[in-house]
Each structure stands twice: as C-alpha cells, then as structure tokens.
Amino acid sequence: MFKQNKRFGLILSFLTISFLILSSCATKKEVVYFQNTGNFETLVDKNSFTPKFKVDDLVSIHVSTLNSEASVPFNLFRGKTTGVSTPEQVDYLIDKDGEIDFPVIGKIKISGLSKEELRTLLREKLSDYLKNPIINIRLKNFTVTILGQVNRPGTYPVSGERITLLEALGLAGDLTVKGVRSNVMVIRDYDGTKVYNRVDLTKKEVMSSPVYYLTQNDVVYVEPNKSAITSSSLDNRATIAVSIASVLITSAVIILTRN
C-alpha cells in the first residue's frame with residue numbers, strides 16, 4: 001500500500017509542477033505603473049514639446065482675408081472656384097526635400113517647422129499680396145501605430161495637435177498583463193532616419209522622456225514578457241501535453257486498481 005501511494009504521489013507531483021510552469025504569471029512589480037511616485041507628489045511638466053512637420057506629411061493650408069476674391073489665388077482647389085457648390089481644397093504633400101509648392105509664392109521649405117513657425121513664414125511671404133491674411137494650418141496624417149502586447153493593436157488617427165504615450169496606449173486598450181512595461185519601444189522617423197527610444201512605464205520619469213509626447217507616424221511596440229514567450233512556444237504542443245497528462249492519470253488509476 002505504501003508503494004502505491006508513493007507512485008501516485010510522484011505522478012501527482014509531476015503534474016502539479018507542470019501545471020505551475022504552464023500557468024506562470026507576471027508579478028505585481030512587473031505590471032504596476034509609476035511605482036516610484038509618492039503620495040500627493042507634484043510633478044511639474046517641463047517637457048516643452050512642439051510638433052514639427054516632416055517629409056511626407058499631408059498639410060492643409062487655407063488662406064483667407066476680408067476680401068475673399070483676393071485670397072483665391074493662394075489656395076489650391078480641385079475643380080472650379082465659381083458656382084453654387086463649394087470646391088474641394090487640395091492638401092499639400094511635403095516632398096523629399098521638405099518643401100511644398102505654394103501658389104504664387106513657389107517652393108517653401110516647411111519640414112522641421114512648427115505650425116506657428118509656418119504661419120509666421122507664410123504671413124511674411126504673403127505680405128506683398130494680402131493685408132492681414134488669416135492662415136489656417138492643419139496636419140492631416142497624424143496617426144500613431146501601437147503594436148505588440150496591447151489589447152487592441154493597430155494604427156490610430158489623432159484628432160488634436162499632440163498625444164502622449166499613455167493616451168496612445170489607452171487608445172489601444174492598455175497593455176496586456178504579459179506586456180513588458182519597463183522596456184516599451186518608441187520608433188520615430190526623422191525624415192527617413194529611424195530613431196529607437198525605450199521608456200520604463202513603471203517609473204514616473206517616463207513623463208520627462210523625449211518620446212512621452214508622440215509625433216506623427218510614431219510606432220510604439222510593447223514586447224512580450226517571459227511568460228508570454230513561454231506560453232506561445234507551448235501553444236503548438238498544448239494538445240500533446242494534455243494527452244500525456246491524461247495517460248499518466250489513467251495509468252495511476254490502473255496501478256491503484258490492480259493493487
């Protein structure tokens with residue numbers, strides 16, 4: 001009887017250890033954000049981020065004045081500008097040299113400029129043609145892509161002028177429990193040059209990171225933790241593992257029955 005119990009105990013121990021390995025999960029230290037913040041702690045935002053235009057950006061620029069006819073030559077429209085229907089305005093695509101071809105004025109380099117800097121530049125160039133022009137500028141292709149261990153990976157449009165890393169992750173439904181919060185990668189493009197930045201979401205210093213405010217076409221990647229990698233590698237063998245466990249349990253029952 002002692003031998004029977006010993007055999008069954010060994011089999012049960014094996015199955016228990018296997019189950020614990022397969023069902024391992026992340027610790028609190030790995031999943032909690034901003035762990036080094038104190039109670040009622042104040043953090044002054046010193047991150048003076050200003051969005052800049054980049055190569056391949058799609059920009060909407062509309063010029064208007066009190067004399068509507070005077071501003072017509074400085075706007076691009078698809079179709080005729082007369083008649084009852086309002087024509088569709090054409091956006092500007094920043095070329096590989098960082099320039100746009102503006103009506104009447106010609107080529108203007110706007111890559112690297114902020115919206116306010118571009119508005120000031122256009123007012124100076126239009127001063128010979130228009131009096132007190134009103135210039136509305138909007139970036140049309142502001143999207144961010146969130147990949148990896150998040151609940152809803154994908155590419156998301158941004159309606160405002162800027163978005164934080166935390167807000168972007170919120171759009172993607174936050175990180176899964178299997179996402180590595182201490183090593184989130186932000187890939188940023190500077191006119192054809194890719195720059196890779198890593199941030200630690202478990203520390204409050206993330207809010208001072210140069211990539212805390214995302215720019216257009218940034219890619220955020222959340223890598224999987226060890227638990228996710230292990231479980232992924234075992235997915236294809238899950239059926240075999242279950243079968244082996246079933247055979248072992250059956251064998252244990254047969255041994256006990258015979259003895």
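Modeller: A salt bridge is a side-chain nitrogen of Lys or Arg lying within 4 Å of a carboxyl oxygen of Asp or Glu. Before using that idea, please keep in mind that this is a predicted model, in which local features need pLDDT of at least 70, side-chain atom pairs count only at pLDDT 80 or more, and totals for chains, interfaces and linings use all residues. Residues are numbered from 1 along each chain as its sequence is written, while side-chain values use heavy atoms, with hydrogens and water left out.

Biologist: How many salt bridges does the structure hold?

Modeller: There are nine of them. In one, R188 joins D218, with the closest N and O atoms 2.7 Å apart. To place such a pair, we name helices (H or I, at least four residues) and strands (E, at least two) as DSSP runs, numbered from the N terminus.

Biologist: Is R188 buried or exposed?

Modeller: Buried means under 20% relative accessible area, exposed means over 50%, and partly exposed is in between, using a 1.4 Å probe and protein chains only. R188 counts as buried because its relative accessibility is 4%, and D218 is buried as well, with a relative accessible area of 0%.

Biologist: Which residue forms a salt bridge with K115?

Modeller: The partner of K115 is E161, and their closest N and O atoms are 2.7 Å apart. This pair links distant parts of the chain, 46 residues apart, since K115 sits in helix α4 (residues 115-126) and E161 in the loop between β9 (154-157) and β10 (163-164). K115 counts as partly exposed, because its relative accessibility is 22%.

Biologist: Which residues of α4 are buried?

Modeller: The general idea comes first: an α-helix has 3.6 residues a turn, so residues three or four places apart point the same way. In α4 the buried residues are L118, R119, L122 and L126. Seen down the axis of α4, they fall within an arc of 100° (the arc of the directions from the helix axis to the C-beta atoms), so they line one face of the helix.

Biologist: What covers the buried residues of α4?

Modeller: Here we need contact, which means heavy atoms within 4.5 Å. The cover of the buried residues of α4 includes β1 (58-64), β5 (99-102), β6 (106-109) and β7 (134-139).

Biologist: In which sense do β5 and β6 pair?

Modeller: In general, strands of a sheet pair through backbone hydrogen bonds, either parallel or antiparallel, and two strands are said to pair if DSSP finds at least two bridges between them. β5 and β6 pair in the antiparallel sense, over four bridges, and the bridge partner of I100 is I108 in β6. Their hairpin has three residues between the strands, and V104 takes a positive phi near 70° there.

Biologist: What order do the strands take in the open sheet of three strands?

Modeller: The order is β4-β1-β7, with antiparallel pairing. β4 (92-93) and β7 stand at the edges with a single partner strand each, so one side of each is left without a neighbour in the sheet. Between β1 and β4 there are two bridges, and L58 has L93 in β4 as its bridge partner.

Biologist: And what is the order in the open sheet of five strands?

Modeller: That sheet runs β9-β8-β14-β11-β12, with mixed pairing. β9 and β12 stand at its edges, each with a single partner strand, so one side of each lacks a neighbour in the sheet. One parallel case is that of strand β8 (residues 143-148) and β14, which pair over four bridges, with V220 in β14 as the bridge partner of I146.

Biologist: Where is T155 found?

Modeller: T155 is in strand β9. T155 and V144 are 11 residues apart in sequence, yet 5.6 Å apart in space, C-alpha to C-alpha. Leaving aside neighbours within four places in sequence, T155 is in contact with T143, V144 and T145.

Biologist: How many helices and strands does the protein have?

Modeller: The secondary structure comes to seven helices and 14 strands, and buried residues make up 32% of the 259 residues.
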